[in-house]
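Good morning, everyone, and thank you for letting me take a few minutes of the meeting.

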Amino acid sequence: MEPESLQGRLRSKILEMNFKAKSGHIGSALSCLDIMLSVLPDRAEGDTFILSKGHATSALYAVLNALGEIPDEVIDSFYKNGSVLTGHPAPLKFPSIPFATGSLGHGFPIGNGIALADKIKGSTAMTCVLMSDGETNEGTTWEAAHFAVANKLDNLLVIIDKNRWQGFGSIGEVLGDTAAPQLWAALGFEVNEVDGHDIAAIRTLKNELRQRKNGIPKVLIANTVKGKGVDFMEDTLDWHYLSMNDGHYEKAVASVQTNYKSSQP
Amino acid sequence: MRKHFSNYIENVADKYDDLVFVTGDLGYNALENLRDKLGNRFINAGVAEQNMIGMAAGMAYRGYRVVCYSIAPFVVYRCLEQMRNDVCFHELPVFIAGNGGGYHYGALGSSHHALEDLAVLSGLPNMRCYVPAFLDDMNTCMDEMFERRLPAYLRLGVGKPMPASFTPTAYGARRTVANAQLTVVAQSPIINNVLQALQNDGLDGVTDVFVVNRMPLTDLPADIAHSLSTCKRLLTVEEHVAVGGLGASVAYQAAALGIAVEKYVSVCAHGYPNGLYGNQSYHHEVNGMDIAGLSRTLHTFFENA
(Lines give C-alpha, C1' and ligand atoms only; values in the text may rest on other atoms or scores of the structure.)
Protein backbone atom coordinates (compact mmCIF):
# COMPACT_ATOMS: atom_id res chain seq x y z
CA MET A 1 0.00 0.00 0.00
CA GLU A 2 1.40 3.41 -0.96
CA PRO A 3 1.98 5.70 2.03
CA GLU A 4 -0.14 8.40 0.40
CA SER A 5 -3.18 6.19 0.47
CA LEU A 6 -2.62 5.71 4.17
CA GLN A 7 -2.99 9.39 4.91
CA GLY A 8 -6.78 9.33 4.64
CA ARG A 9 -7.25 5.92 6.17
CA LEU A 10 -5.21 6.77 9.25
CA ARG A 11 -6.95 10.11 9.62
CA SER A 12 -10.23 8.21 9.70
CA LYS A 13 -8.72 5.87 12.29
CA ILE A 14 -7.60 8.79 14.44
CA LEU A 15 -11.07 10.29 14.24
CA GLU A 16 -12.68 6.97 15.14
CA MET A 17 -10.36 6.45 18.12
CA ASN A 18 -10.89 9.93 19.48
CA PHE A 19 -14.64 9.86 18.84
CA LYS A 20 -15.07 6.61 20.74
CA ALA A 21 -12.83 7.87 23.53
CA LYS A 22 -14.49 11.29 23.59
CA SER A 23 -10.97 12.66 23.69
CA GLY A 24 -9.28 15.81 22.46
CA HIS A 25 -5.90 16.73 20.95
CA ILE A 26 -7.31 15.76 17.55
CA GLY A 27 -5.92 18.79 15.76
CA SER A 28 -2.44 18.01 17.10
CA ALA A 29 -2.60 14.41 15.94
CA LEU A 30 -3.78 15.36 12.45
CA SER A 31 -1.06 17.99 12.28
CA CYS A 32 1.84 15.56 12.68
CA LEU A 33 0.43 12.31 11.26
CA ASP A 34 2.16 12.77 7.92
CA ILE A 35 5.51 13.42 9.60
CA MET A 36 5.19 10.13 11.48
CA LEU A 37 4.13 8.38 8.30
CA SER A 38 7.31 9.69 6.71
CA VAL A 39 9.62 8.59 9.47
CA LEU A 40 8.26 5.50 11.23
CA PRO A 41 7.90 3.06 8.32
CA ASP A 42 11.27 4.17 7.00
CA ARG A 43 13.50 3.44 9.99
CA ALA A 44 16.84 1.69 9.53
CA GLU A 45 18.19 -0.82 12.04
CA GLY A 46 18.70 0.88 15.41
CA ASP A 47 16.92 4.10 14.47
CA THR A 48 14.90 5.65 17.27
CA PHE A 49 11.81 7.80 17.02
CA ILE A 50 10.61 9.79 20.00
CA LEU A 51 7.26 11.53 20.00
CA SER A 52 8.07 14.39 22.33
CA LYS A 53 4.68 16.03 21.78
CA GLY A 54 3.00 13.13 23.56
CA HIS A 55 -0.48 14.63 23.29
CA ALA A 56 -0.50 13.64 19.61
CA THR A 57 -0.24 10.02 20.55
CA SER A 58 -3.43 8.89 18.82
CA ALA A 59 -1.59 9.49 15.54
CA LEU A 60 1.37 7.43 16.77
CA TYR A 61 -0.92 4.60 17.85
CA ALA A 62 -2.68 4.67 14.49
CA VAL A 63 0.63 4.48 12.61
CA LEU A 64 1.92 1.65 14.79
CA ASN A 65 -1.40 -0.12 14.28
CA ALA A 66 -0.93 0.16 10.51
CA LEU A 67 2.61 -1.18 10.91
CA GLY A 68 1.29 -4.15 12.88
CA GLU A 69 2.92 -3.26 16.20
CA ILE A 70 -0.29 -2.41 18.01
CA PRO A 71 -3.09 -4.93 17.39
CA ASP A 72 -6.63 -3.79 16.55
CA GLU A 73 -8.07 -5.02 19.84
CA VAL A 74 -5.53 -2.93 21.73
CA ILE A 75 -6.37 0.11 19.62
CA ASP A 76 -9.99 -0.35 20.64
CA SER A 77 -8.95 0.11 24.27
CA PHE A 78 -7.70 3.68 23.72
CA TYR A 79 -8.50 5.77 26.83
CA LYS A 80 -10.43 2.92 28.45
CA ASN A 81 -9.91 1.60 31.98
CA GLY A 82 -7.35 -1.18 32.10
CA SER A 83 -5.72 -0.02 28.86
CA VAL A 84 -2.07 0.55 27.92
CA LEU A 85 -3.12 3.22 25.42
CA THR A 86 -3.34 6.39 27.46
CA GLY A 87 -3.80 9.89 26.15
CA HIS A 88 -0.04 10.34 26.34
CA PRO A 89 2.16 7.29 25.76
CA ALA A 90 2.75 4.94 28.69
CA PRO A 91 6.25 3.67 29.55
CA LEU A 92 7.64 0.26 28.58
CA LYS A 93 4.72 -0.95 26.47
CA PHE A 94 5.85 -0.97 22.84
CA PRO A 95 9.34 -1.15 21.29
CA SER A 96 8.53 1.76 18.99
CA ILE A 97 7.54 3.95 21.94
CA PRO A 98 10.82 3.95 23.84
CA PHE A 99 9.84 6.79 26.14
CA ALA A 100 6.64 7.86 27.81
CA THR A 101 6.14 11.52 27.06
CA GLY A 102 3.38 13.97 27.78
CA SER A 103 5.10 16.69 29.72
CA LEU A 104 6.62 18.83 27.00
CA GLY A 105 10.35 19.31 26.60
CA HIS A 106 11.53 15.82 27.52
CA GLY A 107 12.13 14.16 24.16
CA PHE A 108 14.96 16.35 22.93
CA PRO A 109 17.31 15.77 25.91
CA ILE A 110 16.55 12.03 25.71
CA GLY A 111 17.30 12.09 21.99
CA ASN A 112 20.64 13.73 22.80
CA GLY A 113 21.52 10.83 25.07
CA ILE A 114 20.58 8.17 22.54
CA ALA A 115 22.45 9.97 19.76
CA LEU A 116 25.54 10.45 21.91
CA ALA A 117 25.48 6.80 23.00
CA ASP A 118 25.23 5.75 19.35
CA LYS A 119 28.20 7.98 18.49
CA ILE A 120 30.32 6.48 21.26
CA LYS A 121 29.38 2.99 20.09
CA GLY A 122 30.09 3.82 16.46
CA SER A 123 26.53 3.05 15.41
CA THR A 124 25.11 4.51 12.20
CA ALA A 125 21.61 4.74 13.67
CA MET A 126 19.66 7.98 13.55
CA THR A 127 17.58 9.43 16.35
CA CYS A 128 14.56 11.46 15.41
CA VAL A 129 12.66 13.61 17.91
CA LEU A 130 9.30 15.06 16.95
CA MET A 131 8.43 18.24 18.85
CA SER A 132 5.64 20.74 18.58
CA ASP A 133 6.34 24.40 17.93
CA GLY A 134 4.74 25.38 21.24
CA GLU A 135 6.95 22.84 22.94
CA THR A 136 10.05 24.74 21.88
CA ASN A 137 9.07 27.33 24.50
CA GLU A 138 10.43 24.90 27.08
CA GLY A 139 13.83 25.77 28.51
CA THR A 140 15.05 22.21 27.98
CA THR A 141 14.92 22.91 24.24
CA TRP A 142 17.67 25.45 24.61
CA GLU A 143 19.72 23.37 27.03
CA ALA A 144 19.41 20.42 24.70
CA ALA A 145 20.18 22.43 21.56
CA HIS A 146 23.47 23.69 22.96
CA PHE A 147 24.37 20.18 24.08
CA ALA A 148 23.62 18.70 20.65
CA VAL A 149 25.76 21.29 18.91
CA ALA A 150 28.63 21.06 21.42
CA ASN A 151 28.67 17.28 21.07
CA LYS A 152 28.41 17.37 17.27
CA LEU A 153 25.34 15.14 17.18
CA ASP A 154 24.92 14.93 13.41
CA ASN A 155 23.00 11.68 13.96
CA LEU A 156 20.19 13.59 15.63
CA LEU A 157 17.23 14.98 13.70
CA VAL A 158 14.79 17.25 15.49
CA ILE A 159 11.54 17.67 13.59
CA ILE A 160 9.31 20.55 14.63
CA ASP A 161 5.64 20.20 13.80
CA LYS A 162 5.04 23.87 13.12
CA ASN A 163 1.30 24.37 13.01
CA ARG A 164 1.57 27.80 14.66
CA TRP A 165 -0.89 27.05 17.46
CA GLN A 166 -0.10 26.34 21.07
CA GLY A 167 -2.05 25.93 24.31
CA PHE A 168 -3.83 29.24 24.54
CA GLY A 169 -3.05 31.18 21.42
CA SER A 170 -0.99 31.38 18.26
CA ILE A 171 2.78 31.12 18.61
CA GLY A 172 3.06 34.80 17.76
CA GLU A 173 0.62 35.78 20.49
CA VAL A 174 2.26 33.77 23.27
CA LEU A 175 6.07 33.95 23.37
CA GLY A 176 6.89 34.67 19.76
CA ASP A 177 8.21 32.11 17.33
CA THR A 178 10.63 29.89 19.24
CA ALA A 179 10.65 27.57 16.22
CA ALA A 180 12.00 30.33 13.95
CA PRO A 181 14.66 29.05 11.54
CA GLN A 182 17.05 31.90 12.34
CA LEU A 183 17.02 31.01 16.05
CA TRP A 184 17.99 27.43 15.32
CA ALA A 185 20.58 28.46 12.77
CA ALA A 186 22.12 30.82 15.32
CA LEU A 187 22.39 27.94 17.76
CA GLY A 188 24.47 26.06 15.23
CA PHE A 189 21.87 23.71 13.78
CA GLU A 190 21.55 22.81 10.15
CA VAL A 191 18.07 24.11 9.39
CA ASN A 192 15.74 22.78 6.72
CA GLU A 193 12.11 23.64 6.09
CA VAL A 194 9.61 21.35 4.47
CA ASP A 195 5.89 20.97 3.83
CA GLY A 196 4.96 18.83 6.83
CA HIS A 197 2.22 17.04 4.88
CA ASP A 198 4.40 16.01 1.94
CA ILE A 199 5.52 12.52 2.88
CA ALA A 200 7.85 12.06 -0.08
CA ALA A 201 9.55 15.40 0.53
CA ILE A 202 10.04 14.76 4.24
CA ARG A 203 11.39 11.29 3.62
CA THR A 204 13.79 12.42 0.92
CA LEU A 205 15.09 15.25 3.08
CA LYS A 206 15.42 13.00 6.11
CA ASN A 207 17.47 10.48 4.14
CA GLU A 208 19.68 13.22 2.73
CA LEU A 209 20.29 14.59 6.20
CA ARG A 210 21.12 11.15 7.52
CA GLN A 211 24.02 10.96 5.08
CA ARG A 212 25.40 14.36 6.02
CA LYS A 213 28.04 13.45 8.58
CA ASN A 214 29.30 16.97 9.12
CA GLY A 215 29.29 17.20 12.89
CA ILE A 216 26.20 19.40 12.88
CA PRO A 217 22.83 18.41 14.37
CA LYS A 218 19.82 18.85 12.10
CA VAL A 219 16.44 20.43 12.55
CA LEU A 220 13.60 19.97 10.12
CA ILE A 221 10.97 22.64 10.49
CA ALA A 222 7.85 21.02 9.11
CA ASN A 223 5.24 23.61 8.24
CA THR A 224 1.90 22.02 8.98
CA VAL A 225 -1.77 22.75 9.39
CA LYS A 226 -3.33 21.94 12.72
CA GLY A 227 -6.28 19.63 12.14
CA LYS A 228 -5.06 18.86 8.62
CA GLY A 229 -7.57 16.98 6.48
CA VAL A 230 -10.73 17.89 8.40
CA ASP A 231 -11.93 21.19 7.00
CA PHE A 232 -13.65 22.56 10.09
CA MET A 233 -10.74 21.58 12.34
CA GLU A 234 -8.02 23.12 10.22
CA ASP A 235 -5.97 25.98 11.63
CA THR A 236 -8.04 26.51 14.78
CA LEU A 237 -7.14 26.44 18.45
CA ASP A 238 -10.49 24.86 19.34
CA TRP A 239 -9.60 21.41 18.06
CA HIS A 240 -6.56 21.25 20.27
CA TYR A 241 -9.04 20.60 23.05
CA LEU A 242 -12.52 19.71 21.83
CA SER A 243 -13.91 16.24 21.54
CA MET A 244 -16.39 15.29 18.86
CA ASN A 245 -20.13 14.78 19.21
CA ASP A 246 -22.01 12.61 16.71
CA GLY A 247 -22.48 15.51 14.30
CA HIS A 248 -18.82 16.53 14.40
CA TYR A 249 -17.72 12.99 13.80
CA GLU A 250 -19.98 12.45 10.80
CA LYS A 251 -18.84 15.73 9.28
CA ALA A 252 -15.17 15.03 10.02
CA VAL A 253 -15.25 11.58 8.40
CA ALA A 254 -16.94 13.04 5.32
CA SER A 255 -14.31 15.77 5.14
CA VAL A 256 -11.46 13.24 5.22
CA GLN A 257 -13.20 11.15 2.56
CA THR A 258 -13.43 14.18 0.32
CA ASN A 259 -9.87 15.33 0.93
CA TYR A 260 -8.23 11.93 0.58
CA LYS A 261 -10.18 10.26 -2.18
CA SER A 262 -7.37 7.85 -2.94
CA SER A 263 -8.03 6.16 0.40
CA GLN A 264 -11.53 5.13 -0.65
CA PRO A 265 -12.11 1.56 -1.81
CA MET B 1 33.38 11.61 50.64
CA ARG B 2 33.83 13.33 47.28
CA LYS B 3 37.42 12.16 46.90
CA HIS B 4 36.44 8.68 48.01
CA PHE B 5 33.63 8.80 45.48
CA SER B 6 35.83 9.80 42.54
CA ASN B 7 38.42 7.18 43.51
CA TYR B 8 35.70 4.55 43.60
CA ILE B 9 34.51 5.51 40.12
CA GLU B 10 38.06 5.51 38.80
CA ASN B 11 38.58 2.04 40.25
CA VAL B 12 35.46 0.53 38.68
CA ALA B 13 35.87 2.27 35.32
CA ASP B 14 37.47 -0.78 33.73
CA LYS B 15 35.16 -3.30 35.38
CA TYR B 16 32.10 -1.42 34.14
CA ASP B 17 32.85 -0.54 30.54
CA ASP B 18 29.24 0.65 30.29
CA LEU B 19 29.84 3.33 32.92
CA VAL B 20 29.40 6.91 31.80
CA PHE B 21 30.12 9.84 34.07
CA VAL B 22 28.29 13.10 33.47
CA THR B 23 28.95 16.27 35.42
CA GLY B 24 26.85 19.39 35.54
CA ASP B 25 29.95 21.52 35.05
CA LEU B 26 31.27 20.82 38.54
CA GLY B 27 34.34 18.97 39.75
CA TYR B 28 37.18 21.48 39.48
CA ASN B 29 40.15 20.16 41.42
CA ALA B 30 38.23 16.99 42.24
CA LEU B 31 37.21 15.07 39.12
CA GLU B 32 40.18 15.60 36.83
CA ASN B 33 41.22 11.99 37.49
CA LEU B 34 37.91 10.76 36.09
CA ARG B 35 38.12 12.95 33.04
CA ASP B 36 41.55 11.49 32.27
CA LYS B 37 40.53 7.93 33.03
CA LEU B 38 37.17 7.79 31.25
CA GLY B 39 37.92 9.63 28.01
CA ASN B 40 34.75 9.86 25.92
CA ARG B 41 32.79 8.30 28.77
CA PHE B 42 33.30 11.51 30.76
CA ILE B 43 30.82 14.17 29.69
CA ASN B 44 30.48 17.73 30.90
CA ALA B 45 26.82 18.51 30.26
CA GLY B 46 27.26 22.16 31.16
CA VAL B 47 25.07 24.21 33.44
CA ALA B 48 21.93 22.50 32.21
CA GLU B 49 20.68 19.92 34.68
CA GLN B 50 17.39 19.11 33.00
CA ASN B 51 19.10 18.20 29.75
CA MET B 52 21.73 16.33 31.76
CA ILE B 53 19.18 13.97 33.31
CA GLY B 54 17.08 13.51 30.17
CA MET B 55 20.27 12.88 28.22
CA ALA B 56 21.40 10.38 30.85
CA ALA B 57 18.09 8.55 30.43
CA GLY B 58 18.75 8.33 26.70
CA MET B 59 22.22 6.91 27.26
CA ALA B 60 20.88 4.45 29.84
CA TYR B 61 18.25 3.36 27.31
CA ARG B 62 21.17 2.47 25.04
CA GLY B 63 22.68 0.29 27.77
CA TYR B 64 24.95 2.58 29.75
CA ARG B 65 25.04 2.96 33.51
CA VAL B 66 25.13 6.71 33.91
CA VAL B 67 26.38 8.63 36.93
CA CYS B 68 25.23 12.26 36.99
CA TYR B 69 27.20 14.46 39.33
CA SER B 70 26.48 17.88 40.70
CA ILE B 71 25.96 19.41 44.09
CA ALA B 72 22.97 17.85 45.78
CA PRO B 73 20.37 20.63 45.43
CA PHE B 74 21.07 21.20 41.74
CA VAL B 75 20.77 17.57 40.74
CA VAL B 76 17.67 16.91 42.83
CA TYR B 77 15.27 19.79 42.52
CA ARG B 78 15.85 21.34 39.11
CA CYS B 79 15.45 18.12 37.21
CA LEU B 80 12.90 16.27 39.34
CA GLU B 81 10.50 15.71 36.45
CA GLN B 82 13.28 14.27 34.31
CA MET B 83 14.13 11.89 37.14
CA ARG B 84 10.52 10.80 37.53
CA ASN B 85 9.35 10.65 33.92
CA ASP B 86 12.49 9.83 31.97
CA VAL B 87 14.51 7.77 34.45
CA CYS B 88 12.21 6.22 37.06
CA PHE B 89 9.21 5.42 34.88
CA HIS B 90 11.55 3.61 32.51
CA GLU B 91 13.51 1.74 35.20
CA LEU B 92 16.81 3.07 33.90
CA PRO B 93 20.22 2.90 35.58
CA VAL B 94 20.81 6.60 36.06
CA PHE B 95 22.53 7.38 39.35
CA ILE B 96 22.50 10.94 40.55
CA ALA B 97 25.34 11.77 42.87
CA GLY B 98 24.77 14.90 44.90
CA ASN B 99 27.64 16.31 46.83
CA GLY B 100 26.89 18.10 50.08
CA GLY B 101 23.58 16.86 51.43
CA GLY B 102 21.89 18.69 54.30
CA TYR B 103 23.55 21.91 55.46
CA HIS B 104 26.92 20.83 54.05
CA TYR B 105 27.51 23.99 52.01
CA GLY B 106 26.75 26.10 55.08
CA ALA B 107 27.42 29.77 54.53
CA LEU B 108 27.02 29.48 50.76
CA GLY B 109 23.35 29.76 51.64
CA SER B 110 20.03 28.03 51.40
CA SER B 111 20.16 27.60 47.60
CA HIS B 112 23.06 25.21 48.19
CA HIS B 113 21.46 23.16 50.96
CA ALA B 114 19.51 19.94 50.41
CA LEU B 115 17.16 19.39 53.33
CA GLU B 116 14.24 17.77 51.49
CA ASP B 117 16.12 15.72 48.91
CA LEU B 118 15.23 12.32 50.33
CA ALA B 119 11.58 13.26 50.76
CA VAL B 120 11.45 14.47 47.18
CA LEU B 121 13.20 11.48 45.62
CA SER B 122 12.47 8.45 47.78
CA GLY B 123 8.81 8.28 46.76
CA LEU B 124 9.63 7.97 43.08
CA PRO B 125 9.03 4.57 41.48
CA ASN B 126 12.07 2.28 41.33
CA MET B 127 14.20 4.86 43.14
CA ARG B 128 16.61 4.03 45.92
CA CYS B 129 18.40 6.77 47.84
CA TYR B 130 21.76 6.02 49.43
CA VAL B 131 22.94 8.12 52.33
CA PRO B 132 26.31 6.81 53.47
CA ALA B 133 27.19 7.76 57.02
CA PHE B 134 30.78 6.55 56.95
CA LEU B 135 33.41 6.15 54.28
CA ASP B 136 33.11 2.39 54.73
CA ASP B 137 29.44 2.09 53.92
CA MET B 138 29.88 4.30 50.89
CA ASN B 139 31.50 1.38 49.08
CA THR B 140 28.65 -0.94 50.02
CA CYS B 141 26.12 1.61 48.81
CA MET B 142 27.89 2.17 45.51
CA ASP B 143 28.44 -1.54 44.90
CA GLU B 144 24.71 -2.08 45.30
CA MET B 145 23.85 0.97 43.22
CA PHE B 146 25.84 -0.29 40.23
CA GLU B 147 24.64 -3.87 40.47
CA ARG B 148 20.99 -3.00 41.03
CA ARG B 149 20.88 -1.12 37.69
CA LEU B 150 17.88 0.97 38.66
CA PRO B 151 17.44 4.66 39.45
CA ALA B 152 19.46 5.82 42.42
CA TYR B 153 20.49 8.89 44.35
CA LEU B 154 23.74 9.04 46.28
CA ARG B 155 23.90 11.77 48.90
CA LEU B 156 27.47 12.64 49.76
CA GLY B 157 28.62 14.44 52.88
CA VAL B 158 31.73 14.54 55.01
CA GLY B 159 32.50 11.00 56.02
CA LYS B 160 34.71 9.44 58.64
CA PRO B 161 35.64 5.77 58.90
CA MET B 162 33.10 3.52 60.55
CA PRO B 163 33.97 2.96 64.25
CA ALA B 164 35.13 -0.58 64.98
CA SER B 165 32.25 -1.01 67.42
CA PHE B 166 29.76 -1.01 64.51
CA THR B 167 28.64 -4.02 62.54
CA PRO B 168 27.63 -3.51 58.91
CA THR B 169 24.07 -4.60 58.09
CA ALA B 170 21.91 -4.79 54.98
CA TYR B 171 20.39 -1.38 55.75
CA GLY B 172 23.58 0.27 57.08
CA ALA B 173 25.19 -0.51 60.42
CA ARG B 174 24.42 -1.11 64.09
CA ARG B 175 25.95 -1.06 67.51
CA THR B 176 23.78 -2.84 70.03
CA VAL B 177 24.25 -3.57 73.72
CA ALA B 178 22.84 -6.11 76.15
CA ASN B 179 20.65 -3.91 78.32
CA ALA B 180 19.67 -1.05 76.09
CA GLN B 181 17.20 1.52 77.35
CA LEU B 182 17.09 3.72 74.26
CA THR B 183 16.93 3.04 70.53
CA VAL B 184 18.72 5.62 68.39
CA VAL B 185 18.21 5.54 64.62
CA ALA B 186 20.30 8.00 62.65
CA GLN B 187 21.14 8.79 59.05
CA SER B 188 24.06 10.50 57.30
CA PRO B 189 27.37 11.65 58.81
CA ILE B 190 25.42 13.47 61.52
CA ILE B 191 25.78 10.11 63.29
CA ASN B 192 29.25 11.27 64.35
CA ASN B 193 27.72 13.99 66.53
CA VAL B 194 25.35 11.44 68.04
CA LEU B 195 28.19 9.06 68.85
CA GLN B 196 30.23 11.85 70.45
CA ALA B 197 27.29 12.96 72.59
CA LEU B 198 26.61 9.40 73.73
CA GLN B 199 30.24 8.93 74.63
CA ASN B 200 30.51 12.26 76.45
CA ASP B 201 27.45 11.43 78.49
CA GLY B 202 28.47 7.87 79.29
CA LEU B 203 25.45 6.44 77.51
CA ASP B 204 27.17 4.00 75.15
CA GLY B 205 26.30 1.06 77.39
CA VAL B 206 22.57 1.72 77.49
CA THR B 207 21.88 2.67 73.90
CA ASP B 208 21.30 0.69 70.73
CA VAL B 209 22.47 2.72 67.73
CA PHE B 210 21.32 2.01 64.19
CA VAL B 211 22.49 3.78 61.08
CA VAL B 212 20.16 3.57 58.10
CA ASN B 213 21.87 4.43 54.84
CA ARG B 214 19.11 3.93 52.32
CA MET B 215 15.64 5.26 51.64
CA PRO B 216 12.78 4.65 51.32
CA LEU B 217 12.59 2.56 54.43
CA THR B 218 9.79 0.26 53.36
CA ASP B 219 10.20 -2.27 56.15
CA LEU B 220 11.55 -1.77 59.63
CA PRO B 221 14.59 -4.06 59.95
CA ALA B 222 13.96 -6.81 62.49
CA ASP B 223 16.83 -5.78 64.76
CA ILE B 224 15.56 -2.22 64.97
CA ALA B 225 12.03 -3.48 65.64
CA HIS B 226 13.35 -5.76 68.38
CA SER B 227 15.33 -2.97 70.02
CA LEU B 228 12.36 -0.63 69.85
CA SER B 229 10.00 -3.24 71.31
CA THR B 230 12.38 -3.68 74.24
CA CYS B 231 13.41 -0.09 74.89
CA LYS B 232 10.12 1.56 73.98
CA ARG B 233 12.02 4.83 73.67
CA LEU B 234 13.15 6.19 70.34
CA LEU B 235 15.41 9.00 69.15
CA THR B 236 15.82 9.60 65.44
CA VAL B 237 18.45 11.98 64.08
CA GLU B 238 18.65 13.18 60.50
CA GLU B 239 19.98 16.19 58.61
CA HIS B 240 16.74 16.42 56.68
CA VAL B 241 13.28 17.85 57.30
CA ALA B 242 10.79 15.76 59.26
CA VAL B 243 8.39 15.34 56.34
CA GLY B 244 9.32 12.30 54.27
CA GLY B 245 12.47 11.58 56.23
CA LEU B 246 13.96 8.87 58.38
CA GLY B 247 12.08 9.64 61.60
CA ALA B 248 8.72 9.71 59.88
CA SER B 249 9.51 6.39 58.19
CA VAL B 250 10.66 4.67 61.38
CA ALA B 251 7.64 5.95 63.34
CA TYR B 252 5.28 4.85 60.57
CA GLN B 253 6.81 1.40 60.37
CA ALA B 254 6.79 1.01 64.14
CA ALA B 255 3.10 1.92 64.25
CA ALA B 256 2.36 -0.51 61.44
CA LEU B 257 4.06 -3.27 63.44
CA GLY B 258 2.08 -2.31 66.56
CA ILE B 259 5.17 -1.41 68.55
CA ALA B 260 4.15 0.77 71.49
CA VAL B 261 6.68 3.60 71.80
CA GLU B 262 6.41 5.48 75.09
CA LYS B 263 8.69 8.36 74.21
CA TYR B 264 9.83 9.54 70.82
CA VAL B 265 11.95 12.54 69.90
CA SER B 266 12.87 13.48 66.36
CA VAL B 267 15.94 15.63 65.84
CA CYS B 268 15.78 16.92 62.29
CA ALA B 269 16.29 19.97 60.12
CA HIS B 270 13.84 22.81 60.64
CA GLY B 271 15.19 24.98 57.85
CA TYR B 272 16.18 28.42 59.10
CA PRO B 273 14.11 28.96 62.26
CA ASN B 274 15.98 32.13 63.31
CA GLY B 275 16.34 33.47 59.78
CA LEU B 276 20.12 33.49 60.09
CA TYR B 277 22.84 31.57 58.26
CA GLY B 278 26.28 30.20 58.98
CA ASN B 279 28.48 27.19 58.42
CA GLN B 280 27.25 23.61 58.71
CA SER B 281 28.10 23.44 62.41
CA TYR B 282 26.13 26.62 63.02
CA HIS B 283 23.05 25.08 61.42
CA HIS B 284 23.58 21.89 63.40
CA GLU B 285 23.54 23.98 66.56
CA VAL B 286 20.43 25.93 65.57
CA ASN B 287 18.61 22.66 64.86
CA GLY B 288 19.81 20.91 68.01
CA MET B 289 21.92 18.37 66.16
CA ASP B 290 25.28 19.59 67.41
CA ILE B 291 26.91 17.53 70.17
CA ALA B 292 25.63 19.78 72.97
CA GLY B 293 22.11 19.89 71.57
CA LEU B 294 22.02 16.12 71.17
CA SER B 295 23.22 15.75 74.78
CA ARG B 296 20.33 17.89 75.98
CA THR B 297 17.92 15.71 74.04
CA LEU B 298 19.51 12.51 75.31
CA HIS B 299 19.13 13.73 78.90
CA THR B 300 15.38 13.99 78.44
CA PHE B 301 15.30 10.22 78.01
CA PHE B 302 17.30 9.51 81.14
CA GLU B 303 16.46 12.33 83.56
CA ASN B 304 13.90 10.25 85.47
CA ALA B 305 15.89 7.05 85.34
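This is a predicted model: local features need pLDDT of at least 70, side-chain atom pairs count only at pLDDT 80 or more; totals for chains, interfaces and linings use all residues.

Between chain B and chain A, the count is 12 residue pairs in polar contact, with both residues of each pair at pLDDT 80 or more. Two helices of chain B, namely α3 (49–61) and α5 (80–88), each supply at least two residues of the side that touches chain A, and the largest share of that side, 9 residues, comes from α3(B).

How many residues does each chain bring to this contact? Chain B gives 23 residues and chain A gives 25 residues. The size of an interface is often given as the accessible area lost when the parts come together. For chain B and chain A that buried area is about 2,100 Å², and carbon and sulfur atoms give 60% of it. If you look at the chain B side, the residues that lose the most area to chain A are B:N51, B:R62 and B:H90, which together make up 31% of what that side buries.

In chain B, B:K37 forms a salt bridge with B:D14, and the closest N and O atoms of the two are 3.0 Å apart. Because B:K37 lies in helix α2 (residues 32–38) of chain B, while B:D14 lies in the loop between α1 (2–12) and β1 of that chain, the pair ties together parts that are 23 residues apart in sequence. With a relative accessibility of 34%, B:K37 counts as partly exposed, whereas B:D14, at 57%, counts as exposed.

A further pair in chain B is B:D117 and B:R155, whose side chains meet in a salt bridge at 2.8 Å, N to O. Here B:D117 sits in helix α6 (residues 117–121) and B:R155 in strand β6 (residues 152–156) of chain B, so this pair ties together parts that are 38 residues apart in sequence. Are these two residues buried or exposed? Both B:D117 and B:R155 are buried.

Chain A has its own examples, and I will mention two. The side chains of A:E208 and A:R212 meet in a salt bridge at 3.7 Å, N to O; A:E208 counts as partly exposed at 39% relative accessibility, and A:R212 counts as partly exposed at 32%.

While we are in chain A, please find helix α11, which covers residues 246–259. This helix has 14 residues and reaches 20 Å from its first C-alpha to its last, close to the 20 Å expected at 1.5 Å a residue. Within α11(A), the residues A:A252, A:V253, A:S255 and A:V256 are buried. Looking down the axis of α11(A), we find its buried residues within an arc of 160 degrees, so they line one face of the helix. On the face turned away from that buried side, α11(A) carries the exposed residues A:D246, A:E250 and A:K251. At the start of the helix, a side-chain oxygen of A:N245 reaches to within 3.0 Å of the backbone nitrogen of A:G247.

Why does B:T23 count as buried? The reason is that its relative accessibility is 2%, and the cut-off for buried is under 20%. A polar atom of the B:T23 side chain lies 2.5 Å from the backbone oxygen of B:L26. Leaving aside neighbours within four places in sequence, B:T23 is in contact with residues including B:L31, B:F42, B:M52 and B:Y69.

The other residue, B:L257, is found in the loop between α10 (246–256) and β13 (263–269) of chain B. With neighbours within four places in sequence again left aside, B:L257 is in contact with B:L220 and B:A225.

Notes. Residues are numbered from 1 along each chain as its sequence is written. Chains are lettered from A and ligands numbered from 1 in the order in which they are written. Side-chain values use heavy atoms; hydrogens and water are left out. Helices (H or I, at least four residues) and strands (E, at least two) are DSSP runs, numbered from the N terminus. The expected span of a helix is 1.5 Å times one less than its number of residues. Buried means under 20% relative accessible area, exposed over 50%, partly exposed in between (1.4 Å probe, protein chains only). The arc is that of the directions from the helix axis to the C-beta atoms. A polar contact is a pair of N or O atoms within 3.5 Å; within protein, one must be able to donate a hydrogen and the other to accept it, and residues adjacent in sequence count only if both atoms are side-chain atoms. Contact means heavy atoms within 4.5 Å. Buried area is the accessible area (1.4 Å probe) that two parts lose on being put together, summed over both. A salt bridge is a side-chain nitrogen of Lys or Arg within 4 Å of a carboxyl oxygen of Asp or Glu.
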